[in-house]
Amino acid sequence: MLRQATTARWLPATGSRLHRALHRMAPLHIASEAPSSAPTAKPPASPENIRATISKHVATIKKQAGLTPAFWGNVSTTLAKCRTPEQLAATAPLRSLPMAWHSSTPAVQHEIVRILLATQNVETAMALVESAPEYPLHNRNVARLLGACVRHRNLASAGFALYERLLAQGTVPSLPVYHAVLLLALKANDPTRFHDVLTHMETVGVPLDAMCHGLAVRMDCRQRRFESALDRYRLMQRDQMHLNVIVLNELLDGLCEAGTYTDALEVFESAVAKVAKRGWNQKPDAKVNLSPEAKAKAEHDDKRPVNEVTYNIMMKLCGRQQRLDEVFKWYEDMKAKGIAPSTTTINTLMHAVYHGKYRSVDSEKVYAALATVGVVGAGTLFVSDLSEATASVAITASVLMSLGLGIYMNPFGVQKSIYPNETTAKEPVPAAMLRRLDEEEHIGRLVYLWHELLGYGLRPDDATYDIFVRTSVRKRHPDIAVATLLDANNPNSFTARRAVEKDAFVLPLPLETTIRLLQSLVSQNLLPQVDDVIALAYTSRGLTSITSTSPGRLTRFRLVPFGAPKVTALVLSRLLRLWLDEHYPKDKLHARIHDTVAFDVIQCHTVLDYLDTIDPEIRASFAFEEVQVAGNGNGVLHFNRARLQKYIVNLA
């Protein structure tokens, strides 16, 4: 009875207000199924509606009637809705009215400034702000205006004046404002103002964040104060701040220019240690075109501690220091961290191979040591029991006999392997052998890098071909350069590119590199490859800078840069035959010759002597008395029309 009475006491009376309200409420499960009456988001206003509303506002402003605070509130509300390019363009009639700026409220002015910045009218926005001292400067608006000044070319002074105006009104700038004005000072290369901003931050008690430190590092690097930049970097490391990879690369590049290898290695290793390695069987992805996904990945890569540029800078420094092993160590580490190389990376590595260090040895000490070993070995054999050292004696004897047999059977081959170039000054044998071993190692690394291009789907640029050929020549392996670049199976070779590009193909080698390659081939008597290179250069417009044709049909080849008379004679012979095949083919009759050919050479009489051996037929078309000597043996060899006519008739 007590429970029933208690329950009945809490129930509302039948005719009470609460009972009537509860009676009208729907059950919980029914109410959940009822359609919601909550307001839904309105679709954005169309450009037509915006334009119509703006037209009404413009008409009201021109009448100068009803310009109440409520009206300006409606104007600011309309402008705040404008976000898309079409909507922003629709506000132009309103923005062009001076009264819309000078007689409106701060809310309208803020929206006009926002729209002007969004439509890239930065100068107009800054002019309006400067012309209105009553315009309220807030940190958000000032940061936005200063950021626009950073992106503009000639608004640094206006940006600094705006910042001073903000300080004059007693406002403490926010961090975005400090970031923008520091970046503006960095862009203007104004270290004094940059230092003043940092001092003001310290005065008002605003701590420097990672971005402020990074901008200070960049300013120090541009002023070549690398020690100061390094100290600030160490301070960031102590405070566990992350340095943006772009700033890190600028710091590393500065240390690389200064040649401070130890400091650069400290910065680089601390950054690399933050990147996890991939599994041993996971290769980095090849480079692809910048699709939207690739752009998003690139933006994500900017947040990584290091990127490809970081490794390139460090490998360039190691290459300059002739630390070839460390160059390839960091290259393999880069791939292990999932960072794919680029053509620039391969070029950097090839430059490192080009500057690769050769080991040195004192040949006199080697000879003395060999003599000592021979005497000691002979004495040991005399006093010892040969049965106890039969194996060692046999091995030593077999090695010596093999060397002796090789020298006896093919002395020229042994000499050629140690001294591949005929014109190179002969080094002592121990030094020459050690240098040749180093060259073999370097050329192996070079060929490996060439294949890396193909492995990652990279296309070499002109600098790649240039450094590849120059390195092959420096390491005395021009044959490898020619064989590689004329390999039709490699899509990066000259032969493959020419088959694809047809007549549009132009030899990407500079003339100086082509000459060095020909000189190296001639010094090793690789004459078939000399013919291949000259034919490729001539037919691919690689020798146009030394060829000229006058209106009188005088074709002149300037062969002075080729230097050595033997090289000049070979090039002259091959070029003349190629020129004749192009202008006077053998399968056609030529009744009359209208051309004259001339060659500018050095040591012209020596060149003719070499032509006697290399190409007697061509030599017979030149006469000593027709040589125009300019001094010091330099002169011009003429192939006149009569001799040219006779030569072509003989060929026919």
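This is a predicted model: local features need pLDDT of at least 70, side-chain atom pairs count only at pLDDT 80 or more; totals for chains, interfaces and linings use all residues.
**Cavities**

Rolling a probe the size of a water molecule over the atoms shows where empty space is left. In this model, two cavities of 30 Å³ or more are present.

Around the largest cavity, the lining consists of A481, V482, L485, L486, F494, L507, L509, T514, L517, D532, V533 and L536. Three helices, namely α28 (478-485), α30 (511-523) and α31 (527-539), each contribute at least two residues to this lining. Sorted by class, the lining of the largest cavity comprises ten nonpolar residues, one polar residue and one charged residue.

**Helix packing**

Two packed helices are described by the angle between their axes and the distance between the axes. The table sets out these values for the two pairs.

| Helix pair | Angle between axes | Distance between axes |
|---|---|---|
| α9 (residues 106-118) and α11 (residues 139-151) | about 25° | 11 Å |
| α15 (residues 210-222) and α16 (residues 226-238) | roughly 160° | within 8 Å |

Helices α9 and α11 pack at an angle of about 25°, and because angles under 35 degrees count as roughly parallel, α9 is described as roughly parallel to α11. The crossing in which α9 passes α11 is left-handed. On the α9 side the contact involves H110, V113, R114 and L117, which meet N141, R144, L145 and A148 of α11. Taken by class, the residues of this contact between α9 and α11 are four nonpolar, two polar and two charged.

For α15 and α16, the axes cross at roughly 160°, and because angles over 145 degrees count as roughly antiparallel, α15 is described as roughly antiparallel to α16. The crossing of α15 and α16 is likewise left-handed. From α15, the residues that make the contact are A210, H213, G214, A216, V217, D220 and C221, while α16 supplies F226, S228, A229, R232, L235 and M236. The contact of α15 with α16 contains eight nonpolar, three polar and two charged residues.

How values were computed: Residues are numbered from 1 along each chain as its sequence is written. Side-chain values use heavy atoms; hydrogens and water are left out. On a 1 Å grid over the protein atoms alone, a cavity is a set of points where a 1.4 Å probe fits but cannot get out, and a pocket is an open set with protein on both sides within 12 Å along at least five of seven lines; lining residues have an atom within 4 Å of a point. Grid points are joined across faces, edges and corners, and a volume is the space filled by probe spheres set on the points. Helices (H or I, at least four residues) and strands (E, at least two) are DSSP runs, numbered from the N terminus. Ala, Val, Leu, Ile, Met, Phe, Trp, Tyr, Cys and Pro count as nonpolar, Asp, Glu, Lys and Arg as charged, and the others, Gly among them, as polar. Axes are lines fitted to C-alpha atoms, for helices over the stretch in contact, and angles run from 0 to 180 degrees between N-to-C directions. Angles under 35 degrees count as roughly parallel, over 145 as roughly antiparallel, 65 to 115 as roughly perpendicular and the rest as oblique. A crossing is left-handed if the near helix is turned anticlockwise from the far one by less than a right angle, and right-handed if clockwise. Contact means heavy atoms within 4.5 Å.
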